[in-house]
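Please look over the structure below before reading on. The report is written for someone meeting it for the first time.

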Protein chains: 2
Amino acid sequence: MKIAFPKIRSPWLIEPDTKVRLEKLSTATRGNFHDEDAAKKELEKHRVKMAPLQEKLYAGAQKSLLIVLQGMDTAGKDGTISHIFTGINPQGCDVTPFKVPTPLEARHDFLWRAHAAVPPRGMIGIFNRSHYEDVLSPRVHGMVSDKAAKERFAEINAFEEMLVRNDVVVLKFFLHISHAEQGRRLQSRLDDPSKHWKISPADFAERKFWPKYVSAYESILENTSKKHAPWFVIPSDHKWHRNVAISRILVDALDGMDLQYPVSTVDISKLKA
Amino acid sequence: MKIAFPKIRSPWLIEPDTKVRLEKLSTATRGNFHDEDAAKKELEKHRVKMAPLQEKLYAGAQKSLLIVLQGMDTAGKDGTISHIFTGINPQGCDVTPFKVPTPLEARHDFLWRAHAAVPPRGMIGIFNRSHYEDVLSPRVHGMVSDKAAKERFAEINAFEEMLVRNDVVVLKFFLHISHAEQGRRLQSRLDDPSKHWKISPADFAERKFWPKYVSAYESILENTSKKHAPWFVIPSDHKWHRNVAISRILVDALDGMDLQYPVSTVDISKLKA
């Protein structure tokens, strides 16, 4: 089995087969940035680097990049997409939001809709939530037993490994916020009438299950962070830190993919404009 | 039949049921811009206006926007997408390139794959080429008769009208370049080794059929520019003019769609963070 995964060094990488205690992992670090502006300037640099790399990825059509975004409600999945990927050519980027399964999706195995949405060679695919939802909320609410969860982890690992063997680079991000920060974000939606349309009573109801979600995520991270498809736990209380930390990993990954423009096989000498 | 189409005034609009002679329509105008920089500044303004309009379109999920891009080879369909839509949230934007039909697509009617790619409410959908390809190259090469073309025009008009009645705003752009400009663009690909990978011998072969493509496009424009789904013939020899002319129409269209954020039906008083 040949897996050429780009080498990525990051303080937020979860090493395979390690115990994870989310409360021990920072949510609020500011990284090396002494203020928000410094982080934003760095993000802008990453975006400038990403554009030509994406063009090469698209033109070469040899590999693809799958980005999985998970996190507690309000952790900032939508914001991550809008801040990091606004500036990328939408022709080379597909975003798939995973919502409550449709009746058809619900009649399939849980990986079916994820597989259908995998980015083809040349594309960046972003999963806004993902197949990991199926080892999350159902587990918190007792619909998936520990034994069934273990089976699903094995299925997920096999699935992702198969993707990687087929030239998909898989990067998974857990946007890590504190319980207090979630409270502040929910409260700010209540306080600001222009944000009322965003309010889902489910977010408030699920907040009560916070400790169970923490355990479910720890179990996910411990069982599915693999060398070929690693998880990164991104400190996300500061949105600007979240953005710049993720974009750095993406630039490093694209950079490490050894992307090449296609070689022309056309006999140029025979063509006349 | 209720069709609420945004009012768009543009010098590039093709009025329904008018005779079209492409050689009478400008390819090289510079609009009101005395230089490229002025046009680029204006484009930037449009992009800034577009972002919150797109957010509202996405949040409201009541209407969608379908953008059809057509043009001769090298007219700049890809460049239009990268210049105008880089800066838009990719979560709200799907780009569909229409290539040579797959075996499955070829076994269906010509509108099948187009229908499947129509943007759902809330989304911007960009067709890079489109169902108009089926009244274009096959017609130039005698595989579709005039009679068959007329039938397809009627089918296209009925299809697009149905979309509009179902809250899709349909805008169609023909990127209009001169024969000489196409020659320059093809030549520049030959001259620059870093562009060789972009060269398709088909582009050079099809160039010989230029007058037939002109007729086929005139026929398309005459038969399918409708009040509810208009064509715009965009002078595109200057790429910066093309970009700013299209982005202006898009901003006007989004502005005229009377977009609204959803109204919250949640009883806020019962929620606590």
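What follows is a short report that goes from the pairing of the chains to single residues.

## The model and its two chains

The structure shown here is a predicted model. Chain B is superposed on chain A by a rotation of 180 degrees with 0.0 Å of shift along its axis, and the RMSD of this superposition is 0.0 Å. That is the relation of a two-fold axis. The residue of chain B that comes closest to the rotation axis is Gly87(B), whose C-alpha atom is at 2.2 Å.

The interface agrees between the copies, for 100% of the interface residues of chain B are also interface residues in chain A, so the two copies meet through the same surface.

## The annotated region

Between the C-alpha atoms of His34(A) and Ile126(A), which are 92 residues apart along the chain, the separation is 30 Å.

## The sheet of chain A

Chain A holds an open sheet of 5 strands, in the order β2-β3-β1-β4-β5, and the pairing is parallel. At the edges stand β2 (93–97) and β5 (231–235) of chain A, each with a single partner strand, so one side of each is left without a neighbour in the sheet. From one strand to the next, the twist averages 20 degrees.

Strands of a sheet pair through backbone hydrogen bonds, either parallel or antiparallel. In the pairing of β2(A) with β3 (residues 124–128) of chain A, 5 bridges join the two strands, which run parallel. Within β3(A), Gly125(A) is the bridge partner of Asp94(A).

## Helices across the sheet

Helix α6 (residues 146–165) lies across β1 (64–71) and β4 (168–176) of chain A, and its direction makes an angle of about 135 degrees with β4(A). Helix α9 (residues 210–224) lies across β1, β4 and β5 of chain A, running at about 140 degrees to β5(A).

Gln70(A) is placed in strand β1 of chain A. Is this residue, Gln70(A), buried or exposed? With a relative accessible area of 0%, Gln70(A) is buried, because the cut-off for buried is under 20%. The side chain of Gln70(A) is joined to that of Tyr217(A) by a polar contact of 3.0 Å. Leaving aside residues up to four places away in sequence, the residues that Gln70(A) touches include Lys77(A), Arg129(A), Glu133(A), Phe173(A) and Trp231(A).

In chain B, Ser247(B) lies in helix α10 (residues 239–256), and Ser247(B) counts as buried at 0% relative accessibility. Its side chain makes a polar contact of 2.6 Å with the side chain of His46(B). When residues up to four places away in sequence are not counted, Ser247(B) touches Leu43(B), His46(B), Met50(B) and Ile84(B).

## Helix α2 of chain B

The buried residues of α2(B) are Lys77(B), Gly79(B), Thr80(B), Ile81(B), Ile84(B) and Phe85(B). These buried residues of α2(B) pack against α1 (36–60), β1, β2 (93–97), β3 (124–128), β4 (168–176) and α10 of chain B. Just after α2(B), a positive phi of about 120 degrees is found at Gly87(B).

Most residues other than glycine have a negative phi. Thr74(B), although not a glycine, has a positive phi of about 70 degrees; Thr74(B) lies in the loop between β1 (64–71) and α2 (77–85) of chain B and is buried, with a relative accessible area of 13%.

Asp167(A) is not a glycine either, and its phi is positive at about 75 degrees. Asp167(A) is found in the loop between α6 and β4 of chain A, where Asp167(A) counts as partly exposed at 32% relative accessibility.

Definitions and conventions: Residues numbered from 1 in each chain as written. Chains lettered and ligands numbered in written order. Predicted model: local features only at pLDDT ≥ 70, side-chain atom pairs only at ≥ 80, totals over all residues. Heavy atoms only, no water. Least-squares fit on C-alpha atoms with pLDDT ≥ 70 in both. Contact = heavy atoms within 4.5 Å. Pairing = 2+ DSSP bridges. Helix = DSSP H or I, 4+ residues; strand = E, 2+ residues; numbered from the N terminus. Axes fitted to C-alpha atoms, helices over the stretch in contact; angles between N-to-C directions. Buried < 20%, exposed > 50% of the residue type's maximum accessible area, 1.4 Å probe, protein only. Polar contact = N/O pair within 3.5 Å; in protein donor to acceptor, adjacent residues only side chain to side chain.
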